Amino acid sequence: MSKTGENVVRIEAEALRELADRIAGPMAADFQRAVDLLACCGGRVVVSGMGKSGLIGRKMAATFSSTGAPALFLHPAEAMHGDLGMIARGDVVIALSASGETEEILNLLPTIKRLGAPVITMTCDNLYANGAKRSTLAQAADVALDCSIAQEACTLGLAPTASTTTMLALGDALAMALAEKRGFKEEDFANLHPGGKLGKRLTKVSALMHAGDAIPRVTAETKMSDVIYEMSRKKLGVTTVVKGEKLLGIISDGDLRRLLEHRGKDVMDLTAGECMTSSPKTIHPEAYATAALDLMEQRKITSLAVVDSNGELKGIVHLHDLWGTEML
């Protein structure tokens, strides 16, 4: 059984290697045309396929959507009973069929053509072989892409295995090339995945920080008794020392304990300006939460002042605020 498993993986890996060679070689121009069509799409990417190809199509549509290209999956059988209304002018259709002769997919073509939606196909036609004959679906395509294989990984040669693997990989290749062409960035990914762990790790500090009246703040002239009151009232274990909106320094619980150990009750006669750390570690509001966590761990601190490029105080981010991001 382990030998069978090994053979399946090796056959599929070889199919992927051959696909990569086609994308880099004879299919390069067609692949680029497909990416250009998708990049110019003013509507949505509509992916359709039947059976196993349909399952691949659902994943493909989800990948496009999650990387900034609005997409949906259209079941070809349901399409003939009203769901064709999901396709509109300005959409681009990606039609999946290993044989290129799937009846349910072919039945969609007249409506797709009437709407003027460009069609990208993925078939196992072996399009670049000498004497290759194009399937009906590939002939109808604006761009025909080849996900052909030498053999299925099924020992009977029947179950779609290597063919669906190459189809899936080709869809991923299109989605990633399109995302790169459109300049899709980490912050875009975070905006589309606010509930996922990856998205949470890309949360901006500005979304987590305490701002406005929640920021503990005193002036340099504030007496330490009032500093302690402000720290206790805001419950962040720290207070900022400001002049207007400019950050001058920070006083933390740790600073206060060390002052009491060395100065005793004389500390109460001092001002915030005399007790503050005048060059505290800060972070920009547009920095990622991961950067804030890294800085806290490096400096062994639990709070960071959030300061903009002009040195103006915008907030305080506390270690507790990062717990909800699932980074800890």
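A cavity is a set of grid points where a 1.4 Å probe fits but cannot get out. The model used in these exercises is predicted.

**Exercise 1. Describe the largest pocket and the elements that line it.**

Step 1. The largest pocket holds about 450 Å³ of space.
Step 2. Its lining counts 19 residues; nearest the centre lie I250, S252, D255, I301 and S303.
Step 3. Two elements, β8 (246-252) and α12 (253-263), each give two or more residues to this lining.
Step 4. The most comes from α12, with 5 residues.
Step 5. By class, the pocket lining has 5 nonpolar, 7 polar and 7 charged residues.

**Exercise 2. Classify the packing of α1 against α8.**

Step 1. Helix α1 spans residues 2-24 and helix α8 residues 162-181; their axes lie 9 Å apart, at an angle of about 40 degrees.
Step 2. Angles under 35 degrees count as roughly parallel, and 65 to 115 as roughly perpendicular. The angle therefore makes α1 oblique to α8.
Step 3. The crossing of the two helices is right-handed.
Step 4. From α1, the contact uses I11, E12, A15, L16, L19 and I23; from α8, A162, T165, T166, A169, L170 and A173.
Step 5. The contact of α1 with α8 comprises 9 nonpolar, 2 polar and 1 charged residues.

Notes:
Residues are numbered from 1 along each chain as its sequence is written. This is a predicted model: local features need pLDDT of at least 70, side-chain atom pairs count only at pLDDT 80 or more; totals for chains, interfaces and linings use all residues. Side-chain values use heavy atoms; hydrogens and water are left out. Axes are lines fitted to C-alpha atoms, for helices over the stretch in contact, and angles run from 0 to 180 degrees between N-to-C directions. Helices (H or I, at least four residues) and strands (E, at least two) are DSSP runs, numbered from the N terminus. Angles under 35 degrees count as roughly parallel, over 145 as roughly antiparallel, 65 to 115 as roughly perpendicular and the rest as oblique. A crossing is left-handed if the near helix is turned anticlockwise from the far one by less than a right angle, and right-handed if clockwise. Contact means heavy atoms within 4.5 Å. Ala, Val, Leu, Ile, Met, Phe, Trp, Tyr, Cys and Pro count as nonpolar, Asp, Glu, Lys and Arg as charged, and the others, Gly among them, as polar. On a 1 Å grid over the protein atoms alone, a cavity is a set of points where a 1.4 Å probe fits but cannot get out, and a pocket is an open set with protein on both sides within 12 Å along at least five of seven lines; lining residues have an atom within 4 Å of a point. Grid points are joined across faces, edges and corners, and a volume is the space filled by probe spheres set on the points.
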